[in-house]
Amino acid sequence: GRINVIDQITDTTTHNMIFDRYINRLSHNQIQQKYSYSKRQPYRILHAGLSKIRDFIPDDEVLAVIKGQDIQRG
């Protein structure tokens, strides 16, 4: 499942952000606040992390990160 895929990310910050976004369903704003980053930094980290696990994340979520939108599923 998704957790096993996310666990393949070895960088702790990237792993935790991807986990919070796609498992805990935190918004980008919530992630920004939790990790005390500037507004754009979480997008860059999430984008880099997604490139490592691209085949396992739904296309609409990947597109939202690329376009800088903040969607939540389900």
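Reading from the N terminus, the elements of the chain run α-α-α-α-α, for a tally of 5 helices and 0 strands; helices (H or I, at least four residues) and strands (E, at least two) are DSSP runs, numbered from the N terminus. The model is a predicted one, in which local features need pLDDT of at least 70 and side-chain atom pairs count only at pLDDT 80 or more, while totals for chains, interfaces and linings use all residues. Residues are numbered from 1 along each chain as its sequence is written, and side-chain values use heavy atoms, with hydrogens and water left out.

Some totals come first. Of the 74 residues in the chain, 35% count as buried, where buried means under 20% relative accessible area, exposed over 50%, and partly exposed in between (1.4 Å probe, protein chains only). The accessible surface of the chain comes to about 4,500 Å², with 47% of that belonging to carbon and sulfur atoms; the areas come from the Shrake-Rupley method with a 1.4 Å probe, and for residues only the protein chains shown count as cover. As for contacts (heavy atoms within 4.5 Å), take those in the chain with a separation of 6 or more: residues 24 or more positions apart account for 45% of them.

Next come the helix pairs. The axes of α2 and α4 come within 9 Å and cross at roughly 90°. Here axes are lines fitted to C-alpha atoms, for helices over the stretch in contact, and angles run from 0 to 180 degrees between N-to-C directions. The two helices α2 and α4 are therefore roughly perpendicular to each other; on this scale angles under 35 degrees count as roughly parallel, over 145 as roughly antiparallel, 65 to 115 as roughly perpendicular and the rest as oblique. On the α2 side the contact involves T13, T14, M17, I18, R21 and Y22, which meet P42, I45, L46, G49, L50 and I53 in α4. The residues of this contact of α2 with α4 divide into 8 nonpolar, 3 polar and 1 charged. For these classes, Ala, Val, Leu, Ile, Met, Phe, Trp, Tyr, Cys and Pro count as nonpolar, Asp, Glu, Lys and Arg as charged, and the others, Gly among them, as polar.

Helix α3 (residues 28-35) also meets α4: their axes come within 9 Å and cross at roughly 105°, which makes α3 roughly perpendicular to α4. The contact is built from H28, I31 and Q32 of α3 together with P42, Y43 and L46 of α4. By class, the contact of α3 with α4 has 4 nonpolar, 2 polar and no charged residues. Y43 belongs to helix α4 (residues 41-53) and is buried, at a relative accessible area of 11%. The C-alpha atoms of Y43 and I31 are separated by 9.6 Å, with the two residues 12 apart along the chain.

Back in helix α2 (residues 12-22) sits D20, which counts as buried because its relative accessibility is 4%. The D20 side chain is joined to that of N24 by a polar contact of 2.7 Å, and a polar contact of 2.7 Å also links the side chains of D20 and Y35. A polar contact is a pair of N or O atoms within 3.5 Å; within protein, one must be able to donate a hydrogen and the other to accept it, and residues adjacent in sequence count only if both atoms are side-chain atoms. Leaving aside neighbours within four places in sequence, D20 is in contact with R25, L26, I31, K34 and Y35. H15 lies in helix α2 as well and is buried, with a relative accessible area of 17%. Not counting residues up to four places away in sequence, H15 touches I6, D7 and I9.
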